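Trainee: Could you give me a close look at one helix crossing in this model, and then show me what surrounds it?

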Amino acid sequence: MDKLEYREWINSKLNIGKEILYLTMDECINSGVTVEEVIDYTELALIAHGKKELDMPAKIGLHPYKDTFMHAMPCYIPSVNSMGIKWGGCWPTNRERYGLTQLSGLYVLNDPESGWPLAIMDCIWLTAQRTPAVTAVAAKYMAFPEKVETFGMIGCGAQGYQHIRYMPKTLPNLKKIYIYDLFEPAMDRVVNELQASTAAQIVKCKSIEELVKSSEVFATATVITSKPEPKIKDEWVSKGQTILMCDCHSLFEDKTMKRADKYYVDSIDQHTLLTEYGYYPDGLPEIVAETGEVVAGLAKGRDNDEQLIVDNNVGLAAEDVPVAKAIFDKALERGMGRKLPL
Ligand SMILES: NC(=O)c1ccc[n+]([C@@H]2O[C@H](COP(=O)([O-])OP(=O)(O)OC[C@H]3O[C@@H](n4cnc5c(N)ncnc54)[C@H](O)[C@@H]3O)[C@@H](O)[C@H]2O)c1
């Protein structure tokens, strides 16, 4: 379908300019978007970002309290024919204080032809899909995926749980998945709900140290703190490992980051802005390239088995918009959601 045919298709189901589709989190979950589709869309988004074939300013934000943020994340990707904005927040103490997830927010999808809004939807679910998809795509380039037999996940909340579904798709020979979380029920949930769907054995670790020392590739999704509160001793990290973070440097000693043979970020602009906000008080290591440049083939990932590779992906608006479009398209096709007048 070309752009105008696509717009006509939408208009046959939703009167653009007069109404929008509202989708709850359950409707997003039940839209039918698959893990494989999210990985494909995420790869497209990273390629567009690597080639700079998109319109995506660094996300601006509000920071009402220490270690909280509310980010505005707009993006237009011509190759995906999609445009929208996420207004998403992260309040790390929400679980203890209110019984709510630390992440919250909404996604507004717009018609690239007219600018008018097409949909408003929950963004928690789509974030918890595209975030592990980024880690899974990154693992293809930052590790030698066919060789990897052990993956570790630190933090088994919304993002960590989904990583267990996504990682075996790009690390096809995993034998063991090590997990660790301070909150025991989060680990139990992963084992109870996901063990049956993966060939790799899921192993609950007793400590971060055990996980770090056991895993060739490991990812972190815990809590972003503006000043790192290291929980991972530098001596536990070995040459040859691949570290893929979703929560900045929060868990690491600065010297681990600085001694990486190759250090990548998803967006130099984004991480520079974070530095201005006070994150990375010890400064960023030398950045080899952006993740998207590696995925697009413009820069190289891992060269040999000996390198310690770190890839710091804090999340890009580019990763949200294709998944939001996929949810919208499927929901519209299936007659899901509620139409609201404008
Ligand atoms: N990079 C991205 O694109 C991206 C996207 C979404 C969220 N995030 C970040 O990922 C992190 C996790 O988000 P979430 O939605 O999964 O939150 P969550 O609250 O659902 O899960 C976090 C989990 O980490 C555990 N945890 C906290 N500190 C820990 C520690 N020191 N050791 C082990 N476990 C620990 C908690 O018990 C919890 O189960 C947050 O920092 C969030 O800001 C990043």
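Mentor: Helices α6 and α7 cross in a right-handed way, a term used when the near helix is turned clockwise from the far one by less than a right angle. Helix numbers count DSSP runs of H or I, at least four residues long, from the N terminus. The model is predicted, so to speak of local features we need pLDDT of at least 70, and side-chain atom pairs count only at pLDDT 80 or more, while totals for chains, interfaces and linings use all residues. Residues are numbered from 1 along each chain as its sequence is written, and side-chain values use heavy atoms, with hydrogens and water left out.

Helix α6 spans residues 158–170 and α7 residues 184–194; their axes come within 10 Å and cross at roughly 30°. Those axes are lines fitted to C-alpha atoms over the stretch in contact, with angles from 0 to 180 degrees between N-to-C directions. On the α6 side, Y161, I164 and R165 meet R189, V190, E193 and L194 of α7, where contact means heavy atoms within 4.5 Å. Sorted by type, these residues are four nonpolar, no polar and three charged; here Ala, Val, Leu, Ile, Met, Phe, Trp, Tyr, Cys and Pro are nonpolar, Asp, Glu, Lys and Arg charged, and the others, Gly among them, polar.

Now for the surroundings. The protein is assigned domain 1 (3–126 + 318–341) and domain 2 (130–316), with bounds from an automatic or database domain assignment. Their C-alpha centres lie 24 Å apart, and their contact takes 31 residues from domain 1 and 33 residues from domain 2.

The largest nonpolar core holds 76 residues, and F151, I179 and I327 are among those with the most contacts inside it. Such a core is a set of buried Ala, Val, Leu, Ile, Met, Phe, Trp, Tyr and Cys residues joined through side-chain atoms within 4.5 Å; buried means under 20% relative accessible area, with a 1.4 Å probe and protein chains only. Helix α12 (residues 317–334) gives the most to this core, with 10 residues.

A second, separate core of 22 residues includes Y180, M257, A260 and Y263.

Definitions and conventions: Helix = DSSP H or I, 4+ residues; strand = E, 2+ residues; numbered from the N terminus. Buried < 20%, exposed > 50% of the residue type's maximum accessible area, 1.4 Å probe, protein only.
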